[in-house]
Number of protein chains: 2
Amino acid sequence: MLGRPRRLALLAEGNFSLLDAKTAVGILRYRPREVVAVIDSTHAGSTAAECVGIGEGIPVVGNLAGAARAGADSLVIGIAPQGGELPPTWRSLVCDALRSGWDVIAGLHAFLGDDPELRALAQASGAQLIDVRRPPAARPIAAGRAARIDALVILTVGSDCNVGKMTAALELCAALSARGVRAAFVATGQTGIFVADRGVAIDAVPADFVAGVAEQLVLEAAQDADVVVVEGQGALQHPAYSGVTLGLLHGAAPAALVLCHESGRHAVRVPGAGTWRDLPPLAELRRDYERAASWVAPARVIGVALNTSSLPEDAARQACERAGAELSTSATDPVRFGCAALAEAAIAAWRERRAARADAPRGRHAHHA
Amino acid sequence: MLGRPRRLALLAEGNFSLLDAKTAVGILRYRPREVVAVIDSTHAGSTAAECVGIGEGIPVVGNLAGAARAGADSLVIGIAPQGGELPPTWRSLVCDALRSGWDVIAGLHAFLGDDPELRALAQASGAQLIDVRRPPAARPIAAGRAARIDALVILTVGSDCNVGKMTAALELCAALSARGVRAAFVATGQTGIFVADRGVAIDAVPADFVAGVAEQLVLEAAQDADVVVVEGQGALQHPAYSGVTLGLLHGAAPAALVLCHESGRHAVRVPGAGTWRDLPPLAELRRDYERAASWVAPARVIGVALNTSSLPEDAARQACERAGAELSTSATDPVRFGCAALAEAAIAAWRERRAARADAPRGRHAHHA
């Protein structure tokens, strides 16, 4: 999606925080060498690390000129706003970037390339508008094919949006690779696509084809991998996005789930709904995810990934221990404490799957492998 | 969507059966006065009623000329093919209809209006291309609002696709109206839209907005109704479409569900998957639908709608009795045996809801009403 080596300016004007600038933070964490500046006039003069804890030495600048001085040649829309529209106050900055010939890369639902003004500006200067959320033209219909492959498919699922499902998947995939396992990451959201330079923003796909697209992504990834780690989306308990979650769960047809949660989050966040209902205990979330998976193919939670970024270190360790004890499984903050136990659990699940499939006649596994 | 009184020819070439021509059959059942002919050369010379049991006196003709002689002025694509593409062999017939100045109305995923050749033909003759499945431009995000309205929302849910969810919803809505209840039908699929002349094909909406669109449809319908009956889609157990089902369930946030099933169907139909897993018993389906609903707002199954079209009358009655006994609830084939018991159950649920909301302070019902 990034297409070529780039010098990125991440636009996060007025929103450069861990909570609001999910996309910018993801790119800073996983592609830091391509980022030359973050644009947020409310934090100009500081560094990315000072604002969000990552991006040592990357300057936060106040405007496009500042980003140009830092050497930028491309602008990334660094937020994932509810509803997926370009914030109106950012429009003139995007126009200026296009006039300067910068490519503009976005993961919004409102495709920049469909905007006549922006398209005209891009054509005039030779800049590219890259909408990573635009769905593929193909309309595949899922048929449970991902449940029948030899590779172990792992999906990260969560208690809510923005709890760390992408991060857990990337960290687990890296930990598996470090242990010599042929592991592949499947990106299903805009930030994951920026990081992996491939994938599909599954939430922008017409609903009938969500599972089909997920199935295809898994089948493709499994061609070169023994373990496929799929980035989860949304949550079964989220009133707006649960359909995306279930479509992805049934299309990817994982045998293993990693349950992701942010320590200290007690309710699903639903803008426009005031307080929403309390989150159930992790054990109940596990039961519901495993039940929902079983409607198409059985899956079990092999570990918990906690996002403990709001806790001091001691409390974070205790939170992981509590979660692990509650579910009798391994639990870690993959960013803070590494992914060793999750990787070991994944490898064990993969060995089990391999043994089961070697033992059993193939036909009998058509529906339940 | 039909826009004006029309004289419709329903195109079902080679597919005019109860199983394959779902859209044509739905229009024949609920808007028979607007249909002047069905096009299917393999059944030319017979009547619609002879082929599918409804459409007394409506001729099946072999080609466009035959439909023209019957007085047609508009062509409806009468099937809902897997994947939603126009069958290639129908293309020349659609082109001929456009050349004759007929409007062409379709509920396909592949929008006819985006096809350059068809668009050019329509422009040349002044014909309209009407794609009822094209999603609305708005991108609403659901926030559980439909759970908080005074009206009772009823959703039809099912054991599979094409078991009678739309029909059950339409029949229940009519039975409620006949009993003096202000009831509104919400169409969520192409055939429902043809019948109701409004609605959104929820399965074509980008996945992030399925629940939001469903929520808006319910809120709008509730402005003039005490009971809102929503047409369900797909099934939680379907590997391709479960995400649509859950998004609709959480967006519409019904308090009452009608469980729909086709007698004699023992497995979910998944083209491309060979045989798929067996359907669970109705009691298990009920448990799963009620559980999934409860993730956002509680709902309970108030009755069963069986499609017994494959059974003789005696066996059909027995099937309804068995289903009712199994779930300790009312069960009927709404087309064959009417909807009285379902309507009574719905009215009882509506009275209960009204009483509960009158008793309780409003604030306490924000999340659980």
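Let me start with one residue: R291(A) is partly exposed, with a relative accessible area of 24%. On that scale, buried means under 20% relative accessible area, exposed means over 50%, and partly exposed is in between, with a 1.4 Å probe and protein chains only.

Before I go on, the basis. This is a predicted model, in which local features need pLDDT of at least 70 and side-chain atom pairs count only at pLDDT 80 or more, while totals for chains, interfaces and linings use all residues. Residues are numbered from 1 along each chain as its sequence is written, chains are lettered from A and ligands numbered from 1 in the order in which they are written, and side-chain values use heavy atoms, with hydrogens and water left out.

Back to R291(A). Its side chain meets that of D288(B) in a salt bridge, 2.8 Å from N to O. A salt bridge here is a side-chain nitrogen of Lys or Arg within 4 Å of a carboxyl oxygen of Asp or Glu. D288(B) lies in helix α10 (residues 282-294) of chain B and R291(A) in helix α10 of chain A, so the pair joins two chains. Helices are DSSP runs of H or I with at least four residues, strands are runs of E with at least two, and both are numbered from the N terminus. D288(B) is buried, at 2% relative accessible area. There is also a salt bridge between the side chains of D288(A) and R291(B), again 2.8 Å, N to O.

How many salt bridges are there between chain A and chain B? The count is eight. In general, side chains of opposite charge can pair when their charged atoms come close. Across the same interface, 19 residue pairs are in polar contact, both residues at pLDDT 80 or more. A polar contact is a pair of N or O atoms within 3.5 Å; within protein, one must be able to donate a hydrogen and the other to accept it, and residues adjacent in sequence count only if both atoms are side-chain atoms.

On the side of chain A that touches chain B, the elements giving two or more residues are α8 (210-222), α9 (242-252) and α10 (282-294) of chain A. Of these, α9(A) gives the most, with seven residues. By class, that side has 27 nonpolar, 16 polar and 12 charged residues. Ala, Val, Leu, Ile, Met, Phe, Trp, Tyr, Cys and Pro count as nonpolar, Asp, Glu, Lys and Arg as charged, and the others, Gly among them, as polar.

Now the interface as a whole. The contact takes 55 residues from chain A and 55 residues from chain B, where contact means heavy atoms within 4.5 Å. About 4,200 Å² is buried between the two chains, and carbon and sulfur atoms give 52% of that. Buried area is the accessible area, with a 1.4 Å probe, that two parts lose on being put together, summed over both. In chain A, D208(A), R277(A) and W295(A) lose the most area to chain B, together 18% of what that side buries.

How are the two chains related? Chain A can be laid on chain B with an RMSD of 0.0 Å by a turn of 180° and a shift of 0.0 Å along the axis. That is the relation of a two-fold axis. The superposition is by least squares on the C-alpha atoms of residues with pLDDT of at least 70 in both copies. Of the interface residues of chain A, 100% are also interface residues in chain B, so the copies meet through the same surface.

Next, salt bridges inside a chain. Over all chains, the whole structure has 48. One of them joins the side chains of R6(A) and D103(A) at 3.0 Å, N to O. R6(A) sits in the segment before β1 (8-11) of chain A and D103(A) in strand β5 (residues 103-106), 97 residues apart. R6(A) is buried at 5% relative accessibility, and D103(A) is buried at 6%. A network of salt bridges links R4(A), R6(A), D73(A) and D103(A).

Last, E215(B), which is in helix α8 (residues 210-221) of chain B. Is E215(B) buried or exposed? E215(B) is buried, at 1% relative accessible area. Its side chain makes a polar contact with the side chain of R145(B), at 2.3 Å. Leaving out residues up to four places away in sequence, E215(B) touches several residues, including I141(B), G144(B), R145(B) and G251(B).
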